[in-house]
Amino acid sequence: MSTPLNHEQMQRLRAELLQRQQRLEQELDGLLGHQSRAEHAREQLLQDGDGNGQRESALDAEREVDLARSDLTLQSLREVRTALAALDSEGFGLCQDCGDSIAFARLLASPEARRCVSCQGRHEGQAPAHAQTARL
């Protein structure tokens, strides 16, 4: 069982989250060019091709990759913002399944984590790595 987070750990997590938020916002801005996701998608679809079927297929593939990247970045940004909002709540850092403290190292690597490693493994239908090793 991990110990609850102390003030210094909370501050470090807050700084990490704010840094991630800024990086993701910059990345998203680079991908979308100061447009909303919908505006960017519309602009991508309206771009004229040269009538070449192969060229159109390549453009379609590029658009798909571009939109997928922006979707992933948006999802990551939502998770960071959710974690920032939850940081000050009473239950932050506690596993939503078992109620034990989530290890600081796990939260530092993934501040949006809502489960301890053991419960996350069960949630994903797997036993945690240390339990698998113990069985061998």
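Which residue forms a salt bridge with R14, and how far apart are the closest N and O atoms? The partner is D88, and the closest N and O atoms of the pair are 2.7 Å apart; a salt bridge is defined here as a side-chain nitrogen of Lys or Arg within 4 Å of a carboxyl oxygen of Asp or Glu. D88 lies in the loop between helix 3 and helix 4 and R14 in helix 1, so the pair ties together parts that are 74 residues apart in sequence.

The model is predicted, with local features requiring pLDDT of at least 70 and side-chain atom pairs counting only at pLDDT 80 or more, whereas totals for chains, interfaces and linings use all residues. Residues are numbered from 1 along each chain as its sequence is written, and side-chain values use heavy atoms, with hydrogens and water left out.

The secondary structure comprises six helices and zero strands, in the order α-α-α-α-α-α along the sequence. Helices (H or I, at least four residues) and strands (E, at least two) are DSSP runs, numbered from the N terminus. Of the 136 residues in the protein, 32% are buried, where buried denotes under 20% relative accessible area, exposed over 50%, and partly exposed the range in between (1.4 Å probe, protein chains only). Among contacts (heavy atoms within 4.5 Å) between residues at least 6 apart in sequence, 58% join residues at least 24 apart.

Helix 1 spans residues 7–32 and contains 26 residues. From its first C-alpha to its last, helix 1 reaches 37 Å, close to the 38 Å expected at 1.5 Å a residue; the expected span is 1.5 Å times one less than the number of residues. At the start of helix 1, a side-chain oxygen of N6 comes to within 3.0 Å of the backbone nitrogen of E8. The buried residues of this helix include the leucines L13, L17, L24, L28, L31 and L32, together with Q9, M10, R20 and Q21. After helix 1 comes G33, which has a positive phi, near 60°.

The structure holds four salt bridges, among them the D88–R14 pair described above. Within that pair, D88 is exposed, with a relative accessible area of 58%, whereas R14 is partly exposed at 22%. A further salt bridge joins E25 and R81, with the closest N and O atoms 2.8 Å apart. Since E25 lies in helix 1 and R81 in helix 3, the pair ties together parts that are 56 residues apart in sequence. Both residues are partly exposed, E25 at 32% relative accessibility and R81 at 41%.

The side chains of D97 and R115 also meet in a salt bridge, at 2.9 Å from N to O. D97 is located in the loop between helix 3 and helix 4, and R115 in the loop between helix 4 and helix 5 (117–123), so this pair ties together parts that are 18 residues apart in sequence. D97 counts as partly exposed at 44% relative accessibility, whereas R115 counts as buried at 13%.

The loop between helix 3 (53–86) and helix 4 (104–109) also contains A103, which is partly exposed at 31% relative accessibility. The C-alpha atoms of A103 and T3 are separated by 7.5 Å, although these residues are 100 residues apart along the chain.

Key. Polar contact = N/O pair within 3.5 Å; in protein donor to acceptor, adjacent residues only side chain to side chain.
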